[in-house]
Amino acid sequence: MIPELGYGATVAALVLALWGAIAAAVSARTGRAALLRSGERAAVGAWVLITACIALMLYAFLTFDFSVRYVAINTNRGTPFYYRITALWGALEGSIVLWSWMLSIYTLIVVVQYRRRQPELYPWVLAVMLGILAFFLLVMTIPAPPFERLTPIPADGRGLNPLLQDSGMITHPVALYLGFTGFTVPFAFAMAALIVGRTGEEWITITRRWTIIAWYFLALGLLIGGWWSYHVLGWGGYWAWDPVENAAFMPWLTATAFLHSVMIQERRRMLKLWNLSLIILTFGLTIFGTFLTRSGIIGSVHSFTQGSIGIFFLGFLALVLLGSFSLLASRVEHLRAEGALDSVVSRESTFLLNNLFLVAATFTVFFGTVFPLLSEAARGVKVSVGAPFFNLVNIPVFLALLFLMGVGPLIAWRRASAESLKRNFLKPVLAGLVAAAALRAVGVGNGLVLATMALVVFVAGTIALDLFRAVRARRRTGDGWGDATWGLLLRQNRRYGGFIVHLGILVVALGVAGSQAWSVQTEVTLDKGKSVELAGYHVRFDGLSASEESNHAKVTGAFTITNGRAGSDVLYPAKKFYPQDQNPIAAVDYRLGFFEDVYLVLGDFATDGSHATVKLQVNRMVSWLWLGGLVLTLGAALAILPEARRTA
Amino acid sequence: MRASRLGWAIPAAVVPVLMLLAYGFKTDPHEIPSPLLGRPATAFSLTTFAGAPVSLEGLRGKVVMLNFWASWCVPACYDEAPALERTWREYKDKGVVVVGVDIQDKEEAARKFLAEFGHSFPNAPDPAGRVAVSYGVYGVPETFFIDRKGRVRFKKVGPLSDEFARQHLDALLKEPS
């Protein structure tokens, strides 16, 4: 019953979305209000139906309805309650349902917010958003139907991929998809602006907060993905330049570029063509990311699905890129800059450089990701591109971006005088150099860490200096330090929200540099009762125990850790044996710390528990990545506060 | 005029990228040749669900299609199951034996699977997974084609189709014994 109901709801939603897109577009051309209202009702209807799909799918998961193929693949009778819910987006078909659902919600918000405020752009925005929604519903209907029936009905299902049975899997895909789908809104406004011919700053002003929200969720999704990789996969790292990671990273880079370059357009009415291109590229990259992860054209540690879905996504990608760039080309005459670059030493040129570096980083990541394909096409040789390539080309670019992060927000528009440069930057530059020299003096020899530290202190210095001056100025009106700071943050929330985001990035940068330079590891086989020592930690193997969990068998090792300073602690790394997987899965155990984490992975062991191999890592500064994520969240939240607060 | 022509360069630049991506459909990054190809197949002897012995040694002189599967392997093993039985019926009198090896499974669920699909070729559980390991089975289903001389000749990862089975069995049957 569920398969039929679900399929019916999907098809009906597809029809509604298509109708809504057409009705909205026709009403935009003809001005017939009744059609527009019909399109809106179709959007509401599509949302109701997709919500019904989600409810049906959840019901099928909770009742183990293995007549639904997707349920049989992604759950079995032993799957814990909690993962029967997250299994909804544990594989391709369900992810597309979630994606469509979020997109339908974004569409409804757009309807509520802009139907009266933007009478000219709004019908086209609705048409574009419903058109994109229709594509995803088409995917749900033909190449990846979530409600496909399975006959005969198996006695038990296969079960969710064990690596996905982790709390990170609740939030990681949700955040990532909120980011991915969120870029549909600015893209739709950009398209509407191009179609109507209002290619000024309006669409940017309207969608600015949307872009920040999407950008933030994407950043959060990336960080949570790093956390998942770190504490689930057991290799002690958080980023591997895997194609799937790159797929999510690229739109984040172009969106970052966009968030900066729009400021130039708002202020100086330049870069109109560039900004439109960036938002098209960002949206295109979100589709490309899905194409890459789902078409199976490039090998990855993430499991890929193959099938006709890749062709659908490639076709849609072609339609989006060719369609929107052609539209852009046809409007090129309207997109001339009204301002001009006055000086190389100015905020404009700093932002241009920032954009150049971000786009260069995007390009190198793209190049590295598709290189295996290129190599096979051109030379017939299968190759893979690993972390060394990406690190080599990207580290200098990211260091340069850090530097610009310090310069950009404070340098003057149009033309910076030598006097103002000295006033704004002399002290922070000195502080950065002193910090690096101090680190060097205490024996830090790693160039990457020194460079990062110098830049981080420099950027933090510029932010501190700026904030200090602004607060001091406000205090002249009689506020105390606290009130003055708080008032400033709220009144100029966009500026200071941005600064806090920058601080978050600095914290992440320190985490990346520190963990790369200072983490240590060893792998040893220990007899029961024997210890190993690493970086001041003594780890003693106390024995093994076996247990039977609801959907897997587990062998757990007990290791006592002492480090001389505090008391001892026992860690329990384990190996899980899932019947559906040939290879056991490591369950890492760890103690997180501000400066260092102790991280244990159980390797091979003797079944009698007499000895076991353990990988011991002391990972430095990794926690700073997660802390940076928190700071980033605060900054993004401040930046998206309503603008009205500024004039209140 | 110059600006507008420059504008069209952007969509034009997209085309080669799309073509490269389209080329990707012709390749399969997961297709890694098995080191076993051309080598003698590892001997095994198992007891079928029906209680009869089955060993590779006993099948020498016949073409063997060795299929690794499991009842929890949804959907791939379910997708290929009918094709396995069809192939068996078509080829059993032509000197081909289809052998199923069920790995990491519960006996009850496995028997239900066999009954559902009416599999009539020899099918044996591999409780310790030794046979699967010796053939380097990475995931189910995988199918190995073994020639009359007992050498592994082809390998198929993922669900088997009638066409694939027919094509490769015909090729092996044509070879002089």
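Visitor: How many residues does the contact take from chain A and from chain B?

Guide: This is a predicted model. Two residues are in contact if their C-beta atoms, placed from the backbone, lie within 7 Å. On that basis, the contact takes from chain B 29 residues and from chain A 36 residues.

Visitor: Which helix of chain A gives the largest share of the side that touches chain B?

Guide: Four helices of chain A, α3 (69-74), α11 (272-295), α12 (309-330) and α13 (347-379), each supply at least two residues of that side. The largest share is 10 residues, and the helix that provides it is α12(A).

Visitor: How do the residues of the side of chain A that touches chain B divide into nonpolar, polar and charged?

Guide: Gly counts as polar in this division. The residues of the side of chain A that touches chain B comprise 5 charged, 9 polar and 22 nonpolar.

Visitor: In what order do the elements of chain B run from the N terminus?

Guide: Chain B has 5 helices and 7 strands. Read from the N terminus on, the order is α-β-β-β-α-β-α-β-α-β-β-α.

Visitor: What radius of gyration does chain B have, against that of a compact globule of 177 residues?

Guide: The C-alpha trace of chain B spans about 85 × 40 × 30 Å along its principal axes. A compact globule of 177 residues would come out near 16 Å, but the radius of gyration of chain B is 22 Å.

Visitor: What percentage of the residues of chain B count as buried?

Guide: A residue is buried if 20 or more other C-beta atoms lie within 10 Å of its own. Of the 177 residues of chain B, the share that counts as buried is 37%.

Key:
Residues are numbered from 1 along each chain as its sequence is written. Chains are lettered from A and ligands numbered from 1 in the order in which they are written. This is a predicted model: local features need pLDDT of at least 70, side-chain atom pairs count only at pLDDT 80 or more; totals for chains, interfaces and linings use all residues. The radius of gyration is taken over C-alpha atoms; the globule rule is 2.2 Å times the number of residues to the power 0.38. A residue is buried if 20 or more other C-beta atoms lie within 10 Å of its own, exposed if 12 or fewer, and partly exposed in between; C-beta atoms are placed from the backbone.
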